[in-house]
Amino acid sequence: MKNYFFRHLILIGHSTGAIDAALYAHKDRRITQLILTGAVSDLKNAAHYDFTDEQVRDFWTKGYIFYDRPGKWMHGKKLKKAFYDEFFTLDIPTAIKKYKKPLLIVHGEKDIIPASEPQALFTMANTPKKLVIIRGADHSFTEAEHFKKVLKVMGEFVEKRFI
């Protein structure tokens, strides 16, 4: 903050970045708009999207796991139980209720995270807010047509004047 003098910021977070963005946005008055993609509403449920029952058991018995999901963000990495435990300490619902500025939630119809998660997040959020489900899109909007739709929706949201 000492080197940058931005008075208005748009914070965008995807997947685990959406968790961070949702938890942080209400704390920084410079954030004027928040965009979340591939987001969850409750980390207690989200642990089930990232970890198998066997991995959860290994966290408890070994104190760590080697994340074995090719193509995923932490494939092949050693994760300590503290990483898993953090899922149960961070409170997205409280943080998102404290955020009182424009919010856009974009979600893929075929995301591994069920549509009920962003819908719950949308329900608990303050207005102005918008939820967009991209038909046929996966968690990362990997198809070019889906990614273009996400960019279009984001662009329209950012250009809109809410004040």
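Is Glu156 buried, exposed or partly exposed? In this predicted model, Glu156 has a relative accessibility of 41% and therefore counts as partly exposed. Its side chain meets that of Lys152 in a salt bridge, with N and O 2.8 Å apart. Both residues belong to helix 7 (residues 144–159), where a spacing of 4 residues places them about one turn of the helix apart. Lys152 counts as exposed because its relative accessibility is 55%, and the cut-off for exposed is over 50%.

The whole structure contains 4 salt bridges. Another of these joins Asp58 to Lys62, at an N to O distance of 4.0 Å. Asp58 and Lys62 lie in helix 3 (residues 53–62), again 4 residues apart, or about one turn of the helix. Asp58 has 18% relative accessibility and so counts as buried. A further salt bridge is formed by Asp28 and Arg30, whose closest N and O atoms are 2.8 Å apart; Asp28 and Arg30 are both buried.

The structure holds 9 aromatic pairs. One of them, between Phe51 and Phe83, is edge-to-face, with 6.3 Å from centre to centre and 90 degrees between the planes. This pair links distant parts of the chain, since Phe51 lies in the loop between helix 2 and helix 3 while Phe83 lies in helix 4 (residues 81–86), 32 residues apart. Phe51 has a relative accessible area of 5% and is therefore buried, whereas Phe83, at 26% relative accessibility, counts as partly exposed. Phe51 also forms an edge-to-face pair with Tyr84, with a centre-to-centre distance of 5.8 Å and an angle of 75 degrees between the planes. Here too the pair links distant parts of the chain, with Tyr84 in helix 4 and 33 residues from Phe51. Both Phe51 and Tyr84 are buried. Phe51, Phe83 and Tyr84 are among the members of one aromatic cluster, which also includes Phe59, Tyr67, Phe87 and Phe88.

Two contacts between a lysine and a ring are also noted. The charged end of Lys81 sits over the ring of Trp60 at 3.6 Å from its centre, and that of Lys78 sits over the ring of Tyr64 at 4.5 Å from its centre.

Note on methods. Residues numbered from 1 in each chain as written. Predicted model: local features only at pLDDT ≥ 70, side-chain atom pairs only at ≥ 80, totals over all residues. Heavy atoms only, no water. Buried < 20%, exposed > 50% of the residue type's maximum accessible area, 1.4 Å probe, protein only. Helix = DSSP H or I, 4+ residues; strand = E, 2+ residues; numbered from the N terminus. Phe/Tyr/Trp six-rings, centres within 6.5 Å; stacked < 30°, edge-to-face > 60°. Lys NZ or Arg CZ within 6 Å of the ring centre and 35° of its normal.
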